[in-house]
Amino acid sequence: ARRRVLASAAKWPWDKRVPYAFFAGDTRHPVRKEMLQVAKDHEADRMFAIRTVWIHRAEKTCAEAPELDDGGPGIREPGCRYAPEDYCRFKYLLNLGSGGNYANKFKYLLLCGSLVIHVNRGNSNLEFWQHALVPGVHYLSVQSA
């Protein structure tokens, strides 16, 4: 997955990336519900592209089936899944914990070269390498959605 993400990052220069804050995943956990509400409250501003999808539920990735999701703004359940390399087409990526579990997408989000917005609340379990990251250098750190 690492090589695919790096190749995708190279394919999407900053000026060609979609200008939305992007998240795809399960939105049932408290921190993710907060983020979903913020996105709903600002839907008219066209700032968020939120995909409420379970990663393993859909057979095809959204890159394989672009007719199922164009990557536009709003909150959708697209019927396709986003592979780690698909995230790289967005300028802003949201890293949200899921209530005590670590966000396993974080490493792939960082490889994209997008601005990663890391929500601290709900991300209490860290991988061994995360202690070496510096907020404000490697990612933007916020306390809650």
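**A predicted chain with an open sheet**

Valine 119 stands opposite valine 142 in strand S6. This is a predicted model, in which local features need pLDDT of at least 70 and side-chain atom pairs count only at pLDDT 80 or more, while totals for chains, interfaces and linings use all residues. Residues are numbered from 1 along each chain as its sequence is written, and side-chain values use heavy atoms, with hydrogens and water left out.

**Sheet**
- Six strands form an open sheet with parallel pairing, in the order S3-S2-S1-S4-S5-S6.
- Strands count as paired if DSSP finds at least two bridges between them.
- Strand S3 (74–76) and strand S6 (140–142) are the edge strands, each pairing on one side only.
- From one strand to the next, the twist averages 20 degrees.
- Strand S5 (residues 115–119) runs parallel to S6 and is joined to S6 by three bridges.

**Helix on the sheet**
- Helix H2 (residues 30–41) packs on the sheet and touches strand S1 (18–25), strand S2 (48–52), S3, strand S4 (90–95) and S5.
- The direction of H2 makes about 135 degrees with that of S2; axes are lines fitted to C-alpha atoms, for helices over the stretch in contact, and angles run from 0 to 180 degrees between N-to-C directions.

**Whole chain**
- Three helices and six strands make up the count for the chain; these are DSSP runs (helices H or I, at least four residues; strands E, at least two), numbered from the N terminus.
- Along the sequence, the pattern is α-β-α-β-β-β-α-β-β.
- Of the 145 residues in the chain, 45% are buried (under 20% relative accessible area, 1.4 Å probe, protein chains only).

Notes:
Contact means heavy atoms within 4.5 Å. Buried means under 20% relative accessible area, exposed over 50%, partly exposed in between (1.4 Å probe, protein chains only).
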